[in-house]
Amino acid sequence: MLSYNVAGLLRATPGTVRTYPVRATTLAIADDLRLAAPIEGEVRLSRTGRSILARAELRTALEEHCSRCLIPLVAPVVVRVDEEALPSIDLLTGQPLDLTSEPEALRLDDHHELDLTEPVREAIALAEPIRSLCRPDCRGLCATCGTDLNADPSHRHGEPEIDPRLAALAEWRPADDDPTT
Ligand SMILES: [Zn+2]
Ligand SMILES: [Zn+2]
């Protein structure tokens, strides 16, 4: 879905710009990171003297959990992708170009397809919030028993509870400890 044929754009004069809407696009981000909404936005491709510049502004949302109370929530994210994609074959001659000089560069494939799937996936994964809150004043969970303190704001344990059997042990001393016996 995030793939664009730029054969025509490569023949256009440098400076030519084409824009493509992105609508209702989904993508597998990672095993532990899933989209909660489709990807929407716009991809803008411009022809430069030697390449295609791809600029995407996209909105989506991620399935997250509140970092305090752990309930599932939806975290909106906005990502920008800026990539320069170099041809892998010469448009005029059809001959393969030397790809070793810029091994890291994004490449158009042999059919002049520009695939933004990987850059977009990476940008969305990097946009994952470090911590999400279901609401700014989320009370979180009781550290002692795990009760949701949003549902039960008056929840309290008071004095630390000591198991009565342990309390009895705390008072017990071996008779041998008493030197007067
Ligand atoms: Zn919460
Ligand atoms: Zn508790």
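Reader: Where is M1 found?

Author: M1 sits in the segment before β1. Helices (H or I, at least four residues) and strands (E, at least two) are DSSP runs, numbered from the N terminus. This is a predicted model: local features need pLDDT of at least 70, side-chain atom pairs count only at pLDDT 80 or more, and totals for chains, interfaces and linings use all residues. Residues are numbered from 1 along each chain as its sequence is written, chains are lettered from A and ligands numbered from 1 in the order in which they are written, and side-chain values use heavy atoms, with hydrogens and water left out.

Reader: Is M1 buried or exposed?

Author: Start with the cut-offs. Buried means under 20% relative accessible area, exposed over 50%, partly exposed in between (1.4 Å probe, protein chains only). M1 has a relative accessible area of 74%, so it is exposed.

Reader: Which residues is M1 in contact with?

Author: Contact means heavy atoms within 4.5 Å. Leaving aside neighbours within four places in sequence, M1 touches R23, A24 and T25. Now take a C-alpha to C-alpha distance: M1 and L27 are 8.9 Å apart in space and 26 residues apart in sequence.

Reader: What elements does the protein have, from the N terminus on?

Author: The order is β-α-β-β-β-β-β-β-α-α. That comes to three helices and seven strands. Of the 181 residues, 31% count as buried. Among contacts with a separation of 6 or more, 52% come from residues 24 or more positions apart.

Reader: In what order do the strands of the open sheet stand?

Author: Pairing comes first. Two strands pair if DSSP finds at least two bridges between them. Here five strands form an open sheet, β2-β3-β4-β5-β6, with mixed pairing. β2 and β6 (106–107) stand at the edges, each with a single partner strand, so one side of each has no neighbour in the sheet.

Reader: How many bridges join β3 to β4?

Author: There are 10 bridges between β3 (residues 35–47) and β4 (residues 52–65), and the two strands run antiparallel. R44 stands opposite R55 in β4.

Reader: How many aromatic pairs does a search of the whole structure find?

Author: Rings of Phe, Tyr and Trp (its six-membered ring) pair if their centres lie within 6.5 Å; planes under 30 degrees apart count as stacked, over 60 as edge-to-face and the rest as tilted. The search finds one pair. The ring centres of Y4 and Y20 are 4.9 Å apart and the planes are at 45°, so the pair is tilted. Y4 is in strand β1 (residues 3–5) and Y20 in strand β2 (residues 17–25), 16 residues apart, so the pair links distant parts of the chain.

Reader: Are Y4 and Y20 buried or partly exposed?

Author: Y4 is buried, at 7% relative accessibility. Y20 is partly exposed, at 24%.

Reader: Which residues coordinate the zinc ion (ligand 2)?

Author: Donors are N, O and S atoms within 2.8 Å of the metal (3.2 Å for Na, K and Ca); water is not among the atoms, so sites may look incomplete. The zinc ion (ligand 2) is held by C142 (SG), C145 (SG), H155 (NE2) and H157 (NE2), at 1.9 to 2.3 Å. Their spacing in sequence is C-x2-C-x9-H-x1-H.

Reader: What arrangement do the four donor atoms make?

Author: Four donors count as tetrahedral if all angles lie between 85 and 135 degrees. The ideal angle for four tetrahedral donors is 109.5 degrees. Around the zinc ion (ligand 2) the angles are 102 to 119°, so the arrangement is tetrahedral.

How values were computed: Tetrahedral: all angles 85-135°; square planar, octahedral: opposite > 155°, others 65-115°.
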